[in-house]
Amino acid sequence: MGIFHRVLVVWIVVSVFVHESSNVEGRTHFHKKQKNKSSNKDKDSPVSDPPTDSPVSDPSPSPVFPPPVPSDPSPNPDDPGNSNSEPCVFDVTSFGAVGDGKTDDTPAFMEAWKAACAVESGIVLVPADLEFMITSTIFSGPCKPGLVFQIDGVLMPPNGPDCWPKSDSRKQWLVFYRLDQMTFTGSGTIEGNGGDWWELPCKPHRGPNGSTLPGPCDSPALIRFFMSTNLVVSSLRIQNSPQFHMKFDGCEGVLIEKLSISSPKLSPNTDGIHIENTKSVGIYDSQIANGDDCISIGRGCSDVNIEGVTCGPSHGISIGSLGVQNSQACVTNITARNVFIKDSDNGVRIKTWQGGTGSVSGISFENIQMENVRNCIIIDQYYCLSKACRNQTSAVYLTDVSYRNIKGTYDVRSPPIHFACSDTVACTNITMSEVELLPAEGELVDDPFCWNAYGNQETLTIPPIACLQDGMPEYLAESSSSYRC
């Protein structure tokens, strides 16, 4: 029995050893396989090897922007080609757009829009090297978040009023309505074909024997964003609009950057960027040259920041006009800094109609460089398009307006500083600091104009401004809050 017991123990030990050796070989084989998969890596690669006790998957390539255009895009989000890691691109030519500058490509654009609107991060692509003509169109939402309208080619409306479809609105061309988290961008051009429109009388104008004839204003704004939020508009060239180049109405959260906006100096009513009833806006690093205000800020706007903008030829940066037809206007917290204004009829301007109500407050113009600008600093509370406007007792209240580090040259045809405040509601708390304006040609104009304007000079100005009154009128000191919005 002893011999049998010893033989049994030896047999068990040998069996266990053989079994363990088999397991070790299995693990060793697995490790060698992992080494072979990683052996092709560059020895100097900064990417460390993954742990050897887990399988390795090939890393996905980084997405490329702009993304590749599929030859046959599908609006179906469940399609295998529409993975969540890459945006879905909808090239308008895949939906039938011709791009010869003559064919009406509106139906193709609408189909591409509907397809992109239905998926997250969809891209409507207007490809380069082609010219697309579409008629007045409303691109409406709501859409899935992350929608991009990317113009790399040329996009334009019909060529002038004679070619404009009679059934289409003449108030606007492209309208983006009820959208959230949309980007409007690209390396292309939006051509407004505005030349023939400019020949129409869009504003009251001189008639025979010194008379004034009415408009009508019958030219379309080029691009309008309406009741939308969290918008980005960038990098585009927008030119020759029939009327306003770009309007934002009833929007919130707007980023505008790196735009080039241009139309001739005498093109009527061609404001570059106009905003109204819009909050939280940033306008940065853009160049605007046109026939009216380069940036105009209407009623209902707040928290607007303008920086790094080159403006001119133009009518400058304007708040207003406000209070037309006895309406209420509320504008607050507007800042323009690091701006260059050149060859313009106005520099920084606030303009209101008589008879309005409401207030303009918290306005800051800072680090503004002027070059050959007429009316560099102007408040005009008697704004009127004709000589028929009557004096009225109510007015929009202007307060807390600062001008800091405003320097450069002015056109001597007008005084560089002009504060024409309402007879009945004075402008208050105007601050002047480091304002130095010299004539571009000729002699120094040393008679800035002030009317019912109150504030203080932190430093001496050039030209000297002795007409700004200290303190505040007694009736405003007691009840200024009643004039605010």
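**Reading the pocket and the core**

Me: Which strands each supply at least two residues of the lining of the largest pocket?

Reply: Strand 13 (221-226), strand 19 (273-276), strand 25 (317-322) and strand 27 (348-352) do. Strands (E, at least two residues) and helices (H or I, at least four) are DSSP runs numbered from the N terminus. A pocket is an open set of points on a 1 Å grid over the protein atoms alone where a 1.4 Å probe fits, with protein on both sides within 12 Å along at least five of seven lines; lining residues have an atom within 4 Å of a point. Strand 25 gives the largest share of this lining, three residues.

Me: What should I know about the model?

Reply: It is predicted: local features need pLDDT of at least 70, side-chain atom pairs count only at pLDDT 80 or more, and totals for chains, interfaces and linings use all residues. Numbering runs from 1 along each chain as its sequence is written, and side-chain values use heavy atoms, without hydrogens and water.

Me: Which residues have the most contacts inside the largest nonpolar core?

Reply: Nonpolar side chains tend to be buried together in soluble globular proteins. A nonpolar core joins buried (under 20% relative accessible area, 1.4 Å probe, protein chains only) Ala, Val, Leu, Ile, Met, Phe, Trp, Tyr and Cys residues through side-chain atoms within 4.5 Å. Here the largest has 97 residues, and Phe149, Tyr403 and Phe419 have the most contacts inside it. Helix 2 gives the most to this core, seven residues.

Me: Which residues of helix 2 are buried?

Reply: Thr106, Ala108, Phe109, Ala112, Trp113, Ala115, Ala116 and Cys117.

Me: What does Tyr403 contact?

Reply: Contact means heavy atoms within 4.5 Å. Beyond neighbours within four places in sequence, the partners of Tyr403 include Val348, Ile350, Phe365 and Phe419.

Methods. Buried means under 20% relative accessible area, exposed over 50%, partly exposed in between (1.4 Å probe, protein chains only).
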